[in-house]
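Hi,

Here is the structure I promised to pass on. Have a look, and my notes follow below.

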Amino acid sequence: MIIRSAVARRLFSNPSSCPSSYSWCTTTSTRSSLSSSLVDQKRSSSSSSSAVGVGLPAYMRAAVFWEPNKPLTIEEFHIPRPKSGEILIKTKACGVCHSDLHVLKGELPFASPCVVGHEITGEIVEHGPATDKKTTERLPIGSHVVGAFIMPCGSCFFCSKGHDDLCEDFFAYNRAKGTLYDGETRLFLRSSGKPVYMYSMGGLAEYCVVPANALTILPKSLPYTESAILGCAVFTAYGAMAHAAEIRPGDSVAVVGIGGVGSSCLQIARAFGASDIIAVDVQDEKLQKAKLFGATHAINAAKEDAVEKIMELTGGKGVDVAVEALGKPQTFLQCVQSVRDGGKAVFIGLTAAGAVGEVDINRLVRRKIKIIGSYGARARQDLPKIVRLAESGIFDLSSAVSRRYKFEESDTAFHDLNQGSIVGRAVVEIM
Ligand SMILES: [Zn+2]
Ligand SMILES: [Zn+2]
């Protein structure tokens with residue numbers, strides 16, 4: 001198995017048996033060490049601005065990715081410190097996403113060691129020093145929040161135009177270097193003090209630092225676990241449907257790949273009034289569940305030709321919008337072939353770095369096919385709307401989360417995702 005070994009399985013199931021080479025074993029019980037290490041007021045007030053906040057533990061645990069195809073290990077860290085415009089979150093839940101898996105398998109190059117996890121909910125425990133009043137008033141201590149995986153800086157060329165999803169700093173610092181926007185990580189190992197990089201906010205951790213622009217209040221009526229998926233799976237689906245596909249009532253939509261993001265696309269398409277919603281996958285179990293999410297038709301692409309079937313269902317025309325949520329060259333082509341003349345093929349599935357998709361150029365030109373990429377959505381504008389869709393029940397969160405894991409089972413969760421055995425979305429519950 002690619003990201004898992006028998007050794008790691010034993011480690012997670014019985015922490016006391018782990019070899020001393022794993023630094024998290026240096027304390028017999030991390031949880032008890034955390035609760036007993038609450039920092040007293042005297043110590044925090046006598047230190048510099050980087051001192052741990054009052055009432056916060058001095059250390060935390062996070063799941064660390066070291067190198068491709070090696071298991072995640074749970075390590076102890078100094079409690080991360082937020083800087084100006086950033087918020088410290090006590091993480092409650094973190095979704096298990098294919099983008100993280102691409103990093104763990106070495107398919108998407110990323111700085112390592114790092115903490116992955118970019119689909120979080122949690123409670124605000126601290127504001128970075130000198131964070132502006134509007135932000136601290138919008139996001140008070142104790143609030144429940146959900147975080148978008150694209151964390152907009154708020155002031156670059158694209159952010160200033162409202163295109164948070166293209167934020168220059170997010171791509172230049174976080175995606176390219178594994179840091180926040182001062183070029184530094186907030187994660188340092190307890191044992192050695194060495195820096196560990198952050199994939200988005202590094203959400204597979206007991207605490208994480210998030211730029212305030214990525215956060216939206218989560219109403220108390222929405223549970224932490226289910227709501228975690230709002231920040232990537234639903235966020236990505238919303239961006240694709242609202243901004244790339246611009247779905248209109250009565251549109252016909254095909255979604256290829258019914259995982260966490262694909263099934264969210266079905267729900268958003270239904271919410272936007274699409275009349276024909278065609279789910280395409282190779283697993284009958286996923287296709288069965290697709291009907292709950294709003295699919296009016298299901299195609300098992302392992303048993304029949306998906307393009308032919310889509311043509312048949314649409315009277316030979318093709319769909320107004322086809323969405324590819326897998327990131328595979330073969331389904332890229334199928335998606336383009338499935339849209340009607342003038343239709344939109346929308347791509348949201350990430351793939352191995354350097355993968356290339358093929359297009360029939362003459363059809364593209366003569367039949368005005370639109371090929372549109374879409375990465376997430378716009379945190380400040382869209383995330384509050386996405387939360388409202390969930391709060392009002394228009395987006396059904398309860399059926400979208402299919403499996404829960406404990407924090408100590410983080411590695412198992414990605415193992416299961418890699419096996420294709422997760423129908424819908426899995427979430428790691430942190431505390
Ligand atoms: Zn994701
Ligand atoms: Zn920006």
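In which hand does helix 9 pass helix 10? The crossing is right-handed (the near helix is turned clockwise from the far one by less than a right angle). Please keep in mind that this is a predicted model, where local features need pLDDT of at least 70, side-chain atom pairs count only at pLDDT 80 or more, and totals for chains, interfaces and linings use all residues. Residues are numbered from 1 along each chain as its sequence is written, while chains are lettered from A and ligands numbered from 1 in the order in which they are written.

Helices here are DSSP runs (H or I, at least four residues), numbered from the N terminus. Helix 9 covers residues 233–244, and its end C-alpha atoms are 16 Å apart, which agrees with the 16 Å that its 12 residues should span at 1.5 Å a residue (1.5 Å times one less than the number of residues). Of those 12 residues, 10 are buried, meaning that 20 or more other C-beta atoms, placed from the backbone, lie within 10 Å of the residue's own. Among them are F235 and G239. Just after helix 9, E246 has a positive phi of about 45 degrees.

Now to a second pair. Helix 12 (residues 306–313) and helix 13 (residues 329–338) pack at about 20 degrees, with axes 9 Å apart; axes are lines fitted to C-alpha atoms over the stretch in contact, and angles run from 0 to 180 degrees between N-to-C directions. These two helices are therefore roughly parallel (angles under 35 degrees). This crossing is right-handed, with helix 12 passing helix 13.

Best wishes

Note on methods. Angles under 35 degrees count as roughly parallel, over 145 as roughly antiparallel, 65 to 115 as roughly perpendicular and the rest as oblique.
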